Amino acid sequence: MTETAVESAAAQSKSQQAYAAVKARIVEGTYTPGYRLVLAKIAEDLGFSVVPVREAIRRLEAEGLVKFERNVGATVSGIDPTEYLYTMQTLSIVEGAATALSAPLIDSVSIARARAVNEEMRECLEHFDPVRFTALNQDFHSVLFEHCPNPHILDLVHRGWNRLASLRSSTFRFVPGRAQESVREHEALLQLIESGADADTIEHAARRHRAATLDAYLAQANQ
């Protein structure tokens, strides 16, 4: 590898590190909506030059996490409640279908894995961390829909989850009481799958579970 190629790879690595670091701070809420992203300050914090940070910010802008405002510069994008509503409504439909189609293919090993994740979620309730809880929630549901034999439906599910991530949606941050109910509903879903319940029953339960989280968020937002 030439010296130029090595330098290029190093620059890309720093850009990736800067991207991951800034994105993590946005997702976890350290950088809140409207927060001004001063490139020089971020670069200083990370120990990088401004160049990889600028590239990282451009990537985040393309993903919708960052926007540029005249006379202000780069700021963290706000969370669009309408987009969240549409995303959750769509995800309840496609994830419910994916879970129902996946259910006959979920073996005892996968059930045990999902139950272990749900137990972690239950433990997380004691010292509640909404970001970790949300990550575990995705891990749990991934076990239930990952065996879906329809790749088009599965793609739509992944798109929905990615869209939630771009919205920095940790609903449980706003309605922490919903977290405990969610853990109970997870166990009920697992029991339905274990018992060989029909596809319609499983799909309805999965959709109702997702819709309940949306309803809790909307109720809180409308207070």
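Residues are numbered from 1 along each chain as its sequence is written, and side-chain values use heavy atoms, with hydrogens and water left out. Because the model is predicted, local features need pLDDT of at least 70 and side-chain atom pairs count only at pLDDT 80 or more, while totals for chains, interfaces and linings use all residues.

Helix α9 (residues 177–194) and helix α10 (residues 199–221) have axes that come within 10 Å and cross at roughly 175°. Helices are DSSP runs of H or I with at least four residues, numbered from the N terminus; axes are lines fitted to C-alpha atoms over the stretch in contact, with angles from 0 to 180 degrees between N-to-C directions. The two helices, α9 and α10, are therefore roughly antiparallel, a label for angles over 145 degrees. On the α9 side the contact (heavy atoms within 4.5 Å) involves R178, S182, E185, H186, L189, L192 and I193. The α10 side contributes T201, I202, A205, A206, H209, A212, T213 and A216. These residues comprise eight nonpolar, five polar and two charged, where Ala, Val, Leu, Ile, Met, Phe, Trp, Tyr, Cys and Pro count as nonpolar, Asp, Glu, Lys and Arg as charged, and the others, Gly among them, as polar.

H186, in helix α9, has a relative accessible area of 0% and is therefore buried (under 20% relative accessible area, 1.4 Å probe, protein chains only). Its side chain forms a polar contact of 2.9 Å with that of N118; such a contact is a pair of N or O atoms within 3.5 Å, and within protein one must be able to donate a hydrogen and the other to accept it, with residues adjacent in sequence counted only if both atoms are side-chain atoms. Beyond four places in sequence, H186 touches N118, M121, N137, F140, H141 and H209.

The largest nonpolar core has 22 residues, and those with the most contacts inside it are A114, M121, F133, F140, L144, L190 and I193. A nonpolar core is a set of buried Ala, Val, Leu, Ile, Met, Phe, Trp, Tyr and Cys residues joined through side-chain atoms within 4.5 Å. At least two residues of this core come from each of α5 (108–124), α6 (130–145), α9 and α10. Outside four places in sequence, F140 is in contact with A114, V117, N118, M121, H186 and L190. Another core, of 18 residues, lies apart from the largest one and includes L39, V53, I57 and L65.

V22 lies in helix α1 (residues 3–27) and is buried at 1% relative accessibility. Not counting residues up to four places away in sequence, V22 touches Y31, I42, I57 and L60.

Terms used: Angles under 35 degrees count as roughly parallel, over 145 as roughly antiparallel, 65 to 115 as roughly perpendicular and the rest as oblique. Buried means under 20% relative accessible area, exposed over 50%, partly exposed in between (1.4 Å probe, protein chains only).
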